[in-house]
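Hello,

Here is the structure I promised to pass on. Please open it first, then read the notes below.

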Amino acid sequence: MTELVQNSALDGAADNSRKDHPMWSSRMAFILAASGSAVGLGNIWKFPYITGENGGGAFVLVYLFCIALIGIPIMISEVMIGRRGGRSPVNSMRQLAQSDALSKRWVWIGGMGMIASVLILSFYSVIGGWALSYVGNSASGLFAGASTETIGAMFGNLLADPYTLLLWHSVFMVLVIMIVARGLSSGMEKAINILMPIMFALLLVMVGYAMSTDNFAEGFAFLFQPDFSKLTTEGVLTALGHAFFTLSLGMGVMMAYGSYLPKKVSIVKTAVTVSIVDTVVALLAGLAIFPLVFANGLEAGAGPGLIFQTLPLAFGQMSGGILFGTLFFVLLVVAAVTSAISLLEPVVEWFEEQKGINRLTATLIGGISIWGLGILTILSLNVWSDVHPLGMFERFEGKTFFDLFDYVTANLMMPLGGLAIAIFVGWFMSKQASENELAMGNGLAYKLFMFVLRFITPAAVLVVFIYNLM
């Protein structure tokens, strides 16, 4: 009875707090925004190269399995926490812990997620700047007929020039700040409604071009014809980790976006839809990229340089390469921007909740701070390439600031945050609260969800976390 009263009180408090809290205009608006967050460099830059490194189809199959068992349950949980709390990640966790008479220490989940989003955006913006610079490089025909050495030198010269990197990093962050500063409906939602259709259109154009090549069947088979002899234990763990990363989990983003989700919208259906959209985009990116790679006799497992070194070589050698190369890097920029605005939002939402800070001020404080932090990544690529701030510890030996930010967020903070979210919702959040938010009743579907969240998801995340520490 006491639990029911507490949850009824929270429902009332949340409803009151949401009267002045902006909301997504529709379920589709949230799906586009959450998909925009999930669909970023992880899908178009990272997914193709890790798929290439791990043998193709078998890796993709494991990745899809991991999305279902790890990604979707944690996404549902994050969105549920955000909507029920109706505030920033930190204050939503504080609200829920207080309502269920739990320790205030649970607040650290929201706090760690926000810190992760800050660190990720600081170097994500630098990579987004690379994509911006490559739009100009491709449009001006610099890739046309260029040799492997020329393309490699072009990328190397970009990384070696801190002033050029700073310029593009600044341009990228200004774009993100301008969008977020305008608020939910006039800024983020409007931008998403424009950018996401553009991104899908560009991606379909690229896939359409790939279909016209003689190597499309080879690329299709590489992605969808599993060869388990090429799959290693490390590949399985990479699939586990990427399923987590690609959906923007463990960084406060889905909590922040969930806080704007109207009560009438189904969290479960929406989270499943977002996961499907994200996965489809990743597969389409693979279908657009691998036929071009194979058509030009290039290596699918080229690693992180696949997008910025291998593909420009392909664009330079093919008919219409200037046009399609430019379209591809515009696609990459659009995907990066939609993710970047979601990474800035948790910080801005938290600043807004402080007394006397409006949206514009909150965005400027958060955006400029992250821009400044990004300078560490820029310098670590050139001037400070031999600076290893935690080099006294064996695990961090040889890691620059860029390496540290990437390692700490991807291997420690995000898995730890996801594990804690699964444990909080699965074992500590009241049953009445989760039933109210999920609107699934107490039938088989709800029980199956809770079983996966309590046992399977934490076990899988824990395996990844321990592996990353080894």
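**Helix packing**

Helix 6 and helix 16 cross in a right-handed sense. Bear in mind that this is a predicted model. Helix 16 covers residues 359-380, and its axis runs 8 Å from that of helix 6, at an angle of about 60°.

Which residues make the contact between helix 6 and helix 16? From helix 6 come Val 118, Leu 119, Leu 121, Ser 122, Phe 123 and Val 126. Helix 16 answers with Ile 370, Leu 373, Gly 374, Thr 377 and Ile 378. By class, that contact has eight nonpolar residues, three polar and no charged.

**The cavity**

The structure has one cavity of 30 Å³ or more. The space in the largest cavity comes to about 110 Å³. Its lining consists of 14 residues. Closest to the centre are Ser 37, Tyr 124, Phe 245, Ser 248 and Ser 339.

Helix 2 (27-38), helix 3 (41-53), helix 6 (107-139), helix 11 (233-246) and helix 15 (321-352) each give two or more residues to the lining of the largest cavity. Helix 15 gives the most, with three residues. The lining of the largest cavity splits into seven nonpolar and seven polar residues, with no charged ones.

The largest pocket has a volume of about 1000 Å³. Its lining runs to 40 residues. Lys 46, Tyr 49, Asp 406, Ala 410 and Asn 411 are the closest to the pocket's centre.

Which elements give two or more residues to the lining of the largest pocket? They are helix 3, helix 6, helix 11, helix 14 (305-317), helix 17 (401-428) and helix 19 (444-469). By class, the lining of the largest pocket has 25 nonpolar, nine polar and six charged residues.

**Salt bridges**

How many salt bridges does the whole structure hold? The search finds six. One to look at joins the side chains of Glu 437 and Arg 83, at 2.9 Å from N to O. Glu 437 sits in helix 18 (residues 431-438) and Arg 83 in helix 4 (residues 57-85), so this pair ties together parts that lie 354 residues apart in sequence.

Best wishes

Terms used:
Residues numbered from 1 in each chain as written. Predicted model: local features only at pLDDT ≥ 70, side-chain atom pairs only at ≥ 80, totals over all residues. Heavy atoms only, no water. 1 Å grid on protein atoms, 1.4 Å probe; cavity = no way out; pocket = protein on both sides within 12 Å on 5 of 7 lines; lining within 4 Å. Points joined across faces, edges and corners; volume = space filled by probe spheres on them. Helix = DSSP H or I, 4+ residues; strand = E, 2+ residues; numbered from the N terminus. Nonpolar A, V, L, I, M, F, W, Y, C, P; charged D, E, K, R; others polar. Axes fitted to C-alpha atoms, helices over the stretch in contact; angles between N-to-C directions. Left-handed = near helix turned anticlockwise from the far one by under 90°. Contact = heavy atoms within 4.5 Å. Salt bridge = Lys/Arg side-chain N within 4 Å of Asp/Glu carboxyl O.
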